[in-house]
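Trainee: Please bring up the entry, and I will ask about it piece by piece.

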Amino acid sequence: MQQTRRASRAALALACALACGAGQGQVVAAGGLAELSLEQLSEVPVTSVTGRPESLRSAPASVFVISEEDIRRSAATSLPEALRLAPNLQVARMSAGQYAISARGFNNAIANKLLVLVDGRTIYSSLFSGVFWDFHDVVLEDIARIEVISGPGGTLWGANAVNGIINVITKTAAATQGTLVSVTRSDHGGQEAVRWGGRLGEAGHLRLYGLAIDRDNTRQVDGAEVPDAASKVQAGFRADLGDLGRMVTVQGDIYRGGDDPANNFAPKIRGGNLLARWEGRFAGGSPFRLQGYYDLQERDDVNLFRNRNATWDLQFTHEPLLPAGHQLLWGAGYRTAQDRNEPSAIVRFDPGERRLHWANVFAQYQLQRGRWQYTAGAKAERNSYTGLEWLPSLRAAYQHPNRSTTWAAVSRTVRAPARLDRELFFPGNPPFIIAGGPQFESEVARVYELGHRGGFGRDFSYSATLFRQSFEGLRGGTGFPLQIANRFEGDVDGLEAWAQWQPAEYVRLMAGYMHLRKDLRASAPPEDTGGIANLGNDPRNQWKLRAQFDLPRRTELDLLVRRIGTLPSPFVPAYTVADLRIGWRPSPRLELSLLAQNLFDRRHAEFGGGPTASTFGRRIYLRAVLEL
């Protein structure tokens with residue numbers, strides 16, 4: 001730990017040296033709340049719903065956008081903490097570096113129904129169809145926006161986009177010119193980041209960054225320390241060449257983390273990724289995108305997973321030019337992963353190494369007739385376990401004269417098997433209690449949604465969505481030794497709603513609410529419902545309140561209050577948390593902030609009940625961001 005903290009200090013020293021030696025760069029000064037009205041923010045383009053830019057106001061889905069300004073004006077110190085700003089997500093911290101994140105339920109340590117992308121790169125692990133969040137750190141100041149969709153997106157994004165999509169979009173290299181140094185510290189750890197941006201020839205730009213993170217142990221309810229302290233160093237780049245009509249992007253990251261001795265709370269991790277994307281137009285003017293990437297993830301937590309996963313992915317999309325009112329987007333892709341697991345004392349995968357393949361083709365057609373918009377699409381995706389899966393969707397939206405939108409959608413989506421479903425054996429040596437799941441098939445969801453998004457004038461906007469998700473073939477177990485099988489079915493009903501109000505130029509308020517009701521049952525004899533407890537630990541209700549104030553003398557005050565309802569199994573009591581940020585800009589290039597997390601709460605658990613669960617209490621951070 002001390003060695004890595006020395007590395008952190010070295011990174012900070014390097015950052016200061018770069019800052020002092022840099023020439024004059026682009027000044028990225030923060031604007032006040034009056035810079036963009038809520039009406040203007042509703043016209044911000046989003047791309048994750050239909051695969052092409054459209055205004056947030058007219059997008060036919062339950063989508064919430066976390067802007068770069070939202071992140072800057074929060075107490076978030078990491079990507080998962082920034083995701084707490086979305087009212088349509090469930091975010092629970094499990095340890096110093098581990099999170100359980102989901103939308104519309106089924107949240108647990110191996111949540112597998114949420115698809116997450118970073119700049120178009122899908123980051124879920126083929127080991128369990130979910131995300132190891134400690135692999136994926138970003139420089140928060142480099143995020144342009146995060147598009148959070150609750151609900152299915154299988155037609156565009158494929159299997160596993162069942163309950164939602166998180167699309168993290170970072171700024172272009174042209175938007176991050178000059179030098180930035182960011183330091184966030186507390187007595188429990190923190191992080192340092194340095195970023196430099198410069199030009200590449202006449203029409204190119206480059207961004208380089210370095211990031212160092214260290215986190216201290218958490219504590220159990222009785223005050224005993226959990227050995228989950230960890231550290232990480234990471235570096236990366238992005239290069240953009242060309243203009244809006246023809247752009248080539250190459251970007252990548254490399255990282256290493258974990259301290260001795262490693263354990264399942266604080267594993268050793270290392271990896272990297274390299275992505276190339278070509279956006280251009282054919283001779284007739286129709287736009288296309290060709291993207292490929294390589295992603296390597298290695299994880300060794302000694303007790304559970306000793307995993308190495310190497311993924312190659314290639315995707316192509318094209319939008320032909322059609323008459324006005326008609327739009328067509330189609331594409332195809334191929335993905336392969338080489339996954340290797342060394343057995344541990346607790347788990348074994350048989351076979352220990354496997355190559356997995358996915359191939360897909362999709363088409364989505366959109367018709368505009370007056371105020372009505374109709375979108376129909378389907379994806380055919382083949383995977384190594386279940387063969388061909390069909391992922392159709394149909395959406396209709398009506399745009400009212402007052403600039404509000406009412407929309408409805410029906411979709412079929414699947415969560416395809418992962419290695420954890422088919423090839424997991426527990427414990428690591430016989431006799432086994434869990435003996436794989438050779439017959440496990442895809443979990444299927446039929447989703448029905450009705451939503452409305454609108455506003456009153458320039459100062460008030462709102463969104464509300466009702467949904468029913470009818471599931472078949474949910475994961476459970478049967479027999480002894482237990483084999484993983486499609487054992488459960490049922491419905492998940494809910495309401496997602498949020499609103500923003502700006503009563504004055506210097507005040508902005510936001511409120512969000514989510515209600516969830518799960519009715520799951522065994523789909524075949526024996527009528528054992530004990531396995532339902534493993535299908536997510538979700539609150540029935542949660543709400544969030546956020547307030548932002550522009551104060552005199554270039555000072556900002558930001559408050560986020562979250563109420564998370566009781567988790568039933570294992571039991572975690574309901575809790576209310578307040579996060580506070582006070583920011584001050586003594587000059588256009590320097591921002592100083594005081595961040596307070598869990599301001600009025602001494603300590604509480606967020607996930608994983610019982611006396612051994614990690615608890616989280618008040619933490620105070622100081623942050624300094626210098627731009628040159």
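Predicted model: local features only at pLDDT ≥ 70, side-chain atom pairs only at ≥ 80, totals over all residues.

Trainee: Which helix and strand counts describe the protein?

Mentor: Helices (H or I, at least four residues) and strands (E, at least two) are DSSP runs, numbered from the N terminus. On that basis the protein has six helices and 38 strands.

Trainee: Why is the protein called as compact as a globular protein of its length?

Mentor: The radius of gyration is taken over C-alpha atoms, and the globule rule is 2.2 Å times the number of residues to the power 0.38. For 628 residues the rule gives 25 Å, and the protein is called as compact as a globular protein of that length because its own radius is close to that, at 24 Å.

Trainee: Is Ala96 buried or exposed?

Mentor: Ala96 sits in the loop between β4 (90-93) and β5 (99-102). Leaving aside neighbours within four places in sequence, it is in contact (heavy atoms within 4.5 Å) with Arg215, Asp216, Thr218 and Asp228. Buried means under 20% relative accessible area, exposed over 50%, and partly exposed in between (1.4 Å probe, protein chains only). With a relative accessibility of 0%, Ala96 counts as buried.

Trainee: What separates the C-alpha atoms of Ala96 and Asp228?

Mentor: Along the chain these two residues are 132 residues apart. Asp228 is also among the contacts of Ala96. Their C-alpha atoms are separated by 5.8 Å.

Trainee: Which side chain makes a polar contact with the side chain of Glu591?

Mentor: Glu591 lies in strand β35 (residues 590-597) and is buried, at 6% relative accessible area. A polar contact is a pair of N or O atoms within 3.5 Å; within protein, one must be able to donate a hydrogen and the other to accept it, and residues adjacent in sequence count only if both atoms are side-chain atoms. At 2.4 Å, the partner of Glu591 is Arg72.

Technical notes:
Residues numbered from 1 in each chain as written. Heavy atoms only, no water.
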